[in-house]
Amino acid sequence: MSIATVWLLAQKELRDALRNRWFLLYTVAFVALALGLSYLALAGAGMAGFAGFGRTAASLINLVLLIVPLMGLTVGAQSLAGEHERGTLSYLLAQPAGRAEIFLGKFIGLALSLLAALALGFGISGLVMAASEGGPADPAAYLHLAWLAWLLSLTMLSVGLLISALSRRASVAVGVGLFFWLVFVFLGDLGMMGTVMVMRVPADALFWIALANPLQVFKMAAILDIRATLDVLGPAGIYAIQRHGDWLGLLFPAILAVWVLSPALVAYGRFAARGDF
Amino acid sequence: MNKAMNEAMNNPMIEFERVTKRFGRRSAVDDFSLTVAAQQAVALWGPNGAGKTTAIKCLLGLLRYAGTIRIDGLDARRNGRAARRRIGYVPQEIALYPDMTAAETARFFARLRGAPASQAHSILAQVGLDDQAAKPVGALSGGMKQRLALGLALLGDPPVLILDEPTSNLDRAARDHFLHLLAQVKAAGKTILYTSHRLEEIELLADEAVVMESGRVRAVCPGHALAQTLGMRRTVKLHVPAESLDQALQVLHAGGYQASRNGRGVLVEVRPDAKAEPIGLLGRAAIAVVDFELE
């Protein structure tokens, strides 16, 4: 595998993503809402002005849970299927570049574009906090939160790429991506709550069920990051802290990493085996 | 012809060995074998669905197939990347990134093909696009895009050029310009495999024409003899003075030609390699041919 070829393709992918109007729209929305939520978090407490780190971070968690999966799923779903539909993928495959290089180049380029969008949102929000309060109370925790958000975006990118590798049309891939977004963001939560109520799931099982949804994993990791405890999550959170304690700081990113790698590997397998371009 | 050239021409550059590609139960390419020697230009000719494009897609690794394809001795399946480095490809209608300029596109593909960046500019000049370098690809005309595609295919100086119906979407002027460039490329010693529907393109460029039908080779002949091999006829319209029209028809019918009146001229069916014969026949009968057109 040629690193130069991968980097060349990643640069092109990054450039394309930054020109993609949907991606730009999501980024602008993310940045604007990050700013707005920072302001409203404190205004809700009866004070005008920008909130402190804790409230801003908590607001950002909810914002990340809503918008970042949408960004990752959409750009991932559009990538392979979109290029296939436009005919550019078959021309690229006719060049002296391996499928692994093309896939990796796309993944890295899209991952960097998501990093750029998140850096902008977290960066502007952080700068505003710095200007209003002399800086985030805990810059390391803030950076860690941004890192977790990026990791979450990569899990969704990976799922998006898998959808794309299995689709022939970009519109279908994006539609399926949006369905998965609904499943992860809303139906996952509702489904879990319903299961718990009907089946009276014990706390340990509830904790492991929650780990099956990367958004829940991010949420737990982020709450742990800013509060150092999971009490707010109820019995499952208390169980997790008592049972796994310090390991949770490693367990959550590790599960997110598995969520990044598994769909991406299946997507690559499908892309590499495909013989009908 | 010198010894080096002889050796090059005896060296097989493209080899299809019993290649079969099925889509469901239908064989698009069926037990297809073909060898193209170095520096040779071979045309695949046949109706839609004959398997020409499918054979080319197999060669490029875009379709899975049974059998063996070798490029310059390299197995196209096992050494796909190395084999494709030896190939420049011009599709029927190139799909590029419309936001990138012609220069950016050439630089991108130069780097992808391992060619020096300086070649990106020289290749644009070679295909007459140096004055369009700053234009986005989406703003180029169809003819310009095809010339750009030819330029991109020449990046890295590959020994083999594969073209799939490269002029089918071009108007007459753009087609002539493209064929002129292609003739230069052929003269430079590239091995060329191309598909075409147009007889004149095969007569002009191909050393050998391979007639395909239902995924199989139906006939192989020199490019200039394709029409004759297929028993094809061309129609020539001869303009003669109005008062000589009836006499001209009589002379042509007597000479064994299928001829009919058409406005101010006569339509005559001729062998492709004997298009001027009826003009000579009428001349000998003292009938002046004022003008003629190929239909």
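Where in chain A is confidence lowest, and where is it highest? I started here since this is a predicted model. For chain A, the lowest confidence falls in helix H10 (residues 235–244), with a mean of 71. The highest is in helix H4 (residues 88–93) of chain A, at 94. I also noted the chain A mean pLDDT, which is 84. In that chain, 87% of residues reach 70 or more.

**Entry: salt bridges**

How many salt bridges does the structure hold over all chains? My notes say 22.

I began with A:Glu83 and A:Lys106, whose side chains meet in a salt bridge at 2.7 Å, N to O. This pair links distant parts of the chain. A:Glu83 sits in helix H3 (residues 53–86) of chain A, A:Lys106 sits in helix H5 (residues 99–133) of chain A, and they are 23 residues apart. Buried or exposed, I wondered about A:Glu83? A:Glu83 has 3% relative accessibility, so I wrote it down as buried. A:Lys106 also goes down as buried, because its relative accessible area is 3%.

Next I went to chain B, where the side chains of B:Lys52 and B:Glu165 form a salt bridge at 4.0 Å, N to O. Which parts of chain B does this pair tie together? B:Lys52 belongs to helix H2 (residues 52–59) of chain B. B:Glu165 is in the loop between strand S7 (160–164) and helix H7 (172–187) of chain B. The two parts are 113 residues apart in sequence, so I marked this pair as a tie between them. B:Lys52 is at 5% relative accessibility, under the 20% cut-off, so it counts as buried. B:Glu165 is buried too, with a relative accessible area of 7%.

Is B:Arg218 buried or exposed? I put B:Arg218 down as exposed, because its relative accessibility is 52% and the label needs over 50%. B:Glu213 comes out as partly exposed, at 38% relative accessibility.

**Entry: positive phi in chain B**

B:Asp31 has a phi near 55°, a positive value in a residue other than glycine. B:Asp31 is part of strand S2 (residues 26–37) of chain B. I listed B:Asp31 as partly exposed because its relative accessibility is 31%.

B:Ser214 has a phi near 50°, again positive in a residue other than glycine. Where is B:Ser214 placed? I found B:Ser214 in the loop between strand S9 (208–213) and strand S10 (216–222) of chain B. B:Ser214 counts as exposed, at 53% relative accessibility.

**Entry: domains of chain B**

Chain B is divided into domain 1 (3–229) and domain 2 (234–294). How many Å lie between the C-alpha centres of the two domains? I noted 39 Å.

**Entry: cavities**

Rolling a probe the size of a water molecule over the atoms shows where empty space is left. How many cavities of 30 Å³ or more does a search of the whole structure find? The search turns up two.

The largest cavity has a volume of about 40 Å³. Residues lining the largest cavity include A:Leu80, A:Ala81, A:His84, A:Phe271, A:Arg274 and A:Phe277. H3 and helix H6 (139–166) of chain A are the elements that give two or more residues to this lining. Which element gives the largest share? H3(A) does, with three residues. By class, I noted six nonpolar, three polar and one charged residues in the lining of the largest cavity.

The second largest cavity holds about 30 Å³ of space. B:Gln126, B:Val127, B:Leu150, B:Leu154, B:Leu181, B:Gln184 and B:Val185 line the second largest cavity. Two or more of its lining residues come from each of helix H6 (142–154) and H7 of chain B. H7(B) gives the largest share of that lining, three residues. The lining of the second largest cavity has five nonpolar, two polar and no charged residues.

How values were computed
Residues are numbered from 1 along each chain as its sequence is written. Chains are lettered from A and ligands numbered from 1 in the order in which they are written. This is a predicted model: local features need pLDDT of at least 70, side-chain atom pairs count only at pLDDT 80 or more; totals for chains, interfaces and linings use all residues. Side-chain values use heavy atoms; hydrogens and water are left out. Helices (H or I, at least four residues) and strands (E, at least two) are DSSP runs, numbered from the N terminus. Buried means under 20% relative accessible area, exposed over 50%, partly exposed in between (1.4 Å probe, protein chains only). Domain bounds come from an automatic or database domain assignment. On a 1 Å grid over the protein atoms alone, a cavity is a set of points where a 1.4 Å probe fits but cannot get out, and a pocket is an open set with protein on both sides within 12 Å along at least five of seven lines; lining residues have an atom within 4 Å of a point. Grid points are joined across faces, edges and corners, and a volume is the space filled by probe spheres set on the points. Ala, Val, Leu, Ile, Met, Phe, Trp, Tyr, Cys and Pro count as nonpolar, Asp, Glu, Lys and Arg as charged, and the others, Gly among them, as polar. pLDDT is the predictor's confidence in each residue, from 0 to 100.
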